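Please look over the sequence and the structure shown here, and then read the short report that follows, which takes up a few selected features in turn.

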Amino acid sequence: RRLEESELLQAVWDRSEYRSKRFDLVPSPGEHPCFAGFQHMVNFTDRCTGGVRTYPDVGEKLLFSNTGVRRMSHFTLKAVVAGMINVWIEDGSTAEHEDLAIKAARIYTNELDIPELHPAPTSRSWMEHECKIMGSMPFMYTCSNKINILVQECRMANAWVIPSDFLRRYPGPVTKDDSPNADIVFYMCQEMLDRDPNPYAAANTFAHELAHVIQGGFGYSFNTMTEGGATWLEGPLLNLPPRPMVYAWGFQDWNSILSAHIYANTKELNARKFYQIHGMFLSYLSQPALLGDAAASSLQNYQTFDPAHRPFGRNAYDYYLQHIGKGRPEEFIPITMNVSSTRFAFAEALLNYRVALAAQCILEADLRPSEPQYQMPTSMRERPYWDCSSFPVHWSTDGDVHGTSAEIHYGGAAVFRLALPRDATVSVAADADPLVRTKVLAAGVPSGPRAEVRELSAGESVRFEGLREIYVVQVNVDPEGEMIAPGRAPLWRTTCDPPCESKAWWAGPAPGGELYAPNMLSSLQSPLVALPETKDGLELTFDAKWDMEAEVAEGTIAEDGCCLHGWDGVQVRVLTTDAAGGEKATVLKPSGPEGYGNGARGSCAVAALASAYHGEATCNDLAGWTGSSGGWTSQRFSLSDFANRTVRIEWLFASDGSVAGEGFWVDRARVRARGALVFEGRESEFTMQRYSASPRPGELGRHDGVPVVAALPSGYTADDGLTKVMQTRSAPWSASWSVHPRREAEDLRRAYLGWSYAAPTYARKTLWLHPGQEACVLQRAPFRGVLRVATLFTLLDKIGVGAATLALRETQPPYALVNGSRLLLSSSPGVQDPGTHGFAFGRGPVFEEGSAFLTCVGVEERRLPADDPARAPFLHLPLRAIPTAGERGAVGATALLRPGEALTTELDPWKGHTFVLRSEFVEVATGAATPTRGFLSTSSRP
């Protein structure tokens, strides 16, 4: 049925309420938000006539499928936490596995009502707040009101959920006869608990993975959005610190991560940092002055069960982001995406988001821009998310900047720092790529001009008066960056196998490639063929071979309810014209008992072919070849139904976004009637047609009624296979500034001390720092000067720590504090560490050129009520390799110091690695007083 305007808006802006109305879910008094409406569904609807899920008593066993090592295994129900979470432990698990899982469940539900675990004034637990903002658990598909945590052996350290568990019988619910896994299940690996035996970390993993359960109850979306949404949830949405960039896979260069394709999600392209980048983007958008929590949640929950409507990138972003700062609209107006201008909503938000990240690097709050679009959430403004010292820097003493640039992938960015030039002019080259947008952020001046942000196009310039800290921010906003334009990247071409007696048409990789492209929907069409009146022996014959994404297991069901034959495939169609002049496609079935497959499986679907039909095909219409033919085959098709008509013969190829193969070949196409040749295809007569799989704006989903909010222009297809992931653009820029003869602030030399984070992708190292220990690294003054500010990078993991400390110490026993310095503290409130700690030295000691000193990091103990008293307090720090870590007296020599009566040190405790502490050092002219102002703050950071 046609939805009313209010229903359309609700489906887009309040998906949870929209679903509740569709299923008649009326919350009962006192029901938890995660299961609100469950009792009414069971008692007053016919949804669960197949049975409501029941569970054994605590201490009893149940047979589940272990999805880690793929075996059936017995699990014991060890606890039911807060009446909602069943904790199941696989046979062979340890007592510590059980203890950690139960404690994590108690933290997640805040069973003991500990104030530090309240994420918001109106929410008592992480679990409650998660479901209030994101939506309820998908109990309408499981007829159960429990979450099941399965602690299992996996032979890897990970955790996951499987949507097909709770969607086993979608669109209906599972029944009491389905397996125990057909439920709301979350799999937690024993190995993950072994690697990090911190119940807070495990509880945070609960929050992340159960966010995926909530998302899965609304349908499917693109991976970067679902992971970004769950990463936003596990951090800022629960009033916790954001997942730091130094978490998980290692990387070598912050700037390569920044400039990577916005949807890149491999260890090679961006160390899988798409979790953090998109999670932080949603955190930025969730500010009340932009979208707010509810609308940001609607954005990441914009998902669908209709394969043809599954959003990708701007299919979701462009619609929602056009409403930044405007609130929820009163009318639903879907859009067609703009591919002719760089002024689309996603581009604007991406650019402003990067400006906001750069603004965090301005240490004094009153010198940052005040416009909401250039700010990060309040809780994050004093703790830069990015390593500000990693941006390419041009010191004011270095002289002018000429034609500098960076190669930027679509949606990626480059940020450059100009450190305190006076009266600077910044310009963008006239020949700069117009698809790279540039904004220049100039910090404010104390008692002078306020911070300002100016956008520059190619050939434009801007001048900033006074002594200003400046950041040049650039983003590749190619309007076709995440889509493929019509007529580009043709799939079909001619080839031949030796001895090349004839050429065959091949749907395969581009020249020089090995595998065909993902997300292709393209056909090879014959010229018009006039078929004779006779039906006798009227048939199409040709030779074919294929190698496409492998067939699936017998009995697999596709999202549209068809039995699934394979993922990528080819089908043969006849194209005819009806009386109104419209084109109709009819799927042909090969003659013979095997059809497109083996026996009855010939009528099953090839998943990728669904994109050709916009949800209007039967299962039979989705039949096709898939897998591998094992060589050339001879094929026959009857054309008797089309006698006395003029038709085109079409070979339609479709691939999805994952595994690929070599492709499909067709040769020697012939049409015969009674043995006489009617048509013999010549190479020059065939044409290629690329289809758009994009649905129309406003089109309703077959399964959930959710409308398409943003559609691709006609003929365009989403590049969800990231075929453009390696394309880059650049926009060179230059800068000049005034130079004064006398030594003023802009003439003082500056340098970074320490090392930015860098680590191999697969072999990162970390340390646990305990109270009573200090991690120390030796530094030398590059010239006469002072330390102004230092930033320590940590992981979020901690227990019993209330602050990080920083001390400047002498290099010889008893390692006293450097004269004129003091112990600096940076708070670590709550159950997780903030991830970054800033230390301002104020009027700290002056170091003569070449003098050595130690920078030492420690922790202060502070126990929270939820802390496990049996576990020693610690703070988790990332490490990076440096060659001098074990060289006594060398810059970078690293030691573990244990201050106290029996003071001891241990050189190179982490075997060639040091912790990540980055400091900025500023010159002090001989005889001059220690400078107190400039771009560096003299106030302590929290």
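Which residue in E15 is the bridge partner of Thr425?

## A pair of strands

The model is a predicted one, and in this model the bridge partner of Thr425 is Arg463 in E15. Strand E12, which covers residues 422-428, pairs with E15 in the antiparallel sense, and the pairing runs over five bridges.

## The sheet around the pair

Strands E12 and E15 belong to an open sheet of four strands, whose order is E9-E35-E12-E15 and whose pairing is antiparallel. The edge strands are E9 (401-404) and E15 (461-467), each of which pairs on one side only. If direction is ignored, neighbouring strands of this sheet are turned against each other by 15 degrees on average.

As a general point, strands of a sheet pair through backbone hydrogen bonds, and the pairing can be either parallel or antiparallel.

## Two crossing helices

Helix H9 (residues 223-234) and helix H12 (residues 274-285) have axes that come within 7 Å of each other and cross at roughly 65 degrees. Because angles from 65 to 115 degrees count as roughly perpendicular, H9 is described as roughly perpendicular to H12. The crossing in which H9 passes H12 is right-handed.

On the side of H9, the contact is made by Asn223, Thr224, Glu227, Gly228, Gly229, Thr231 and Trp232, while H12 contributes Phe274, Tyr275, Gln276, His278, Gly279, Leu282 and Ser283.

Definitions and conventions:
Residues numbered from 1 in each chain as written. Predicted model: local features only at pLDDT ≥ 70, side-chain atom pairs only at ≥ 80, totals over all residues. Heavy atoms only, no water. Axes fitted to C-alpha atoms, helices over the stretch in contact; angles between N-to-C directions. Parallel < 35°, antiparallel > 145°, perpendicular 65-115°, else oblique. Left-handed = near helix turned anticlockwise from the far one by under 90°. Contact = heavy atoms within 4.5 Å. Pairing = 2+ DSSP bridges.
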